[in-house]
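User: I have a model open and would like to go through it with you. Could we begin with the charged contacts and then move on to other features?

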Amino acid sequence: MMKQPFSLQIAQREPILDRKWWIALAVLSSLVYLLVPICSLLIPEGSFFHLSAYSLTLVGKILCFALAALALDLVWGYCGILSLGHGLFFSLGGYIMGMYLMRMIGTDGVYHSELPDFMVFLDWKELPWFWYGTNNFGWIILLILIVPGLIAFIFGFFAFRSRIKGVYLSIITQAFTYAAMLLFFRNETGFGGNNGFTDFKRILGYSISNPGTRVVLFLMSFTMLVLGFIACRRIVQSKLGRVTMAIRDAESRVMFSGYDPLGYKLFIWTFSAFLCGIAGALYVPQVGIINPGEMSPSNSIELAVWVAVGGRATLIGPIIGAFMVNGAKTFFTALAPEYWLFILGSLFVLVTLYIPNGVVGLIKEKILKK
């Protein structure tokens, strides 16, 4: 009897996306990159196919929200950490971009000073030290990438090392964000007080209100959402992602198996804040304003609603949820603005009770039944 030759069977790593997903993503990207500039810049106003500045800004804003929701799903869906403070990281990215945009106003402001208008109004004589270099776009990009992630790392290190988890961690994240909001409301902090930053003129020398600039900002938001989605898929399908999900399901067993949860949770938490900072930085030039209200607890809770509605631990679900909820918000705030928060709260309760796995989970259940 001949012996079979020895072979070591190693399971191949799953692809980030299967072939159908790559084709769908390529088709969608091609349509967006082709049709958005044509419909916005070439097709005349009044045509049914013209993409108005309002629609372009609205969808671009939702793309930024979708990236933030994707970031929250990474920590909540795959790591089991319900953060009610991701609005802070989103706002930090927005404020850093806002600092650059305020510097780009130059002497075109109300007071015709090199200092931002709010500083002249408050009788500031020179820029605070943390404003130095904010007229350099490269330095601003570096700050957008570093500051939210660094603050998240410091907060996460002490919180996770202390083994704070569950509802207690959620409350702490919300309290931390609320404290930051109160700090930014103060005029002496150098961030515009309750008015924040607005009246932007230029970005990289181009008029921020120019249709071409708005199209570029829209396409940048779409690109970062696609890249963020691919990066998150790569993480959750790696060994890092598998260990993170094991920590979510049974952290004690993971520790007994020889893994230290701190490093895994800290990486996911910091990377999530990094994505939120990018989303906030793309949001501000499109919307044209940033103020401490973006850090309000209701914004962070609404972010969690988008993830819950779309479906946790799916990555595509939060993107769908962000578009669904914000589409409904646009409709209902125009129809009955005083009732929107009641509608949002009811939506969260109904999703929790009847479709706990979100829209994507419901669709999967229907497909499996067939």
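Predicted model: local features only at pLDDT ≥ 70, side-chain atom pairs only at ≥ 80, totals over all residues.

User: What do the side chains of D108 and R202 form?

Analyst: They meet in a salt bridge, with an N to O distance of 2.9 Å. D108 lies in the loop between helix 3 and helix 4, and R202 lies in strand 2, so this pair ties together parts that are 94 residues apart in sequence.

User: And how is D108 classed for accessibility?

Analyst: D108 counts as partly exposed, at 41% relative accessibility. R202 is also partly exposed, with a relative accessible area of 25%.

User: Which residue does E251 pair with?

Analyst: E251 forms a salt bridge with R163, and their closest N and O atoms are 3.7 Å apart. This pair links distant parts of the chain, 88 residues apart: E251 is in helix 8, whereas R163 is in the loop between helix 5 and helix 6.

User: Is E251 buried or exposed?

Analyst: E251 has a relative accessible area of 11%, which is under the 20% cut-off, so it is buried. R163, at 40%, is partly exposed.

User: What about D199 and K201?

Analyst: Their side chains meet in a salt bridge at 3.3 Å, N to O. Separately, salt bridges that share partners join R163, K165, E251 and K265 into one network.

User: Which element gives the most to the lining of the largest cavity?

Analyst: Helix 3 does, with three residues. The lining includes M102, R103 and I105, and by class it has four nonpolar, three polar and three charged residues.

User: Finally, what is on the surface around I146?

Analyst: I146 belongs to a nonpolar surface patch that also includes W139, L142 and F158, with about 780 Å² of accessible area for the patch together. I146 is found in helix 5 and counts as partly exposed, at 42% relative accessibility.

Key:
Residues numbered from 1 in each chain as written. Heavy atoms only, no water. 1 Å grid on protein atoms, 1.4 Å probe; cavity = no way out; pocket = protein on both sides within 12 Å on 5 of 7 lines; lining within 4 Å. Helix = DSSP H or I, 4+ residues; strand = E, 2+ residues; numbered from the N terminus. Nonpolar A, V, L, I, M, F, W, Y, C, P; charged D, E, K, R; others polar. Patch = residues over 30% accessible without salt bridge, like charges linked within 9 Å, V, L, I, M, F, W, Y side chains within 5 Å. Areas by Shrake-Rupley, 256 points an atom, 1.4 Å probe, with all protein chains shown as cover. Salt bridge = Lys/Arg side-chain N within 4 Å of Asp/Glu carboxyl O. Buried < 20%, exposed > 50% of the residue type's maximum accessible area, 1.4 Å probe, protein only.
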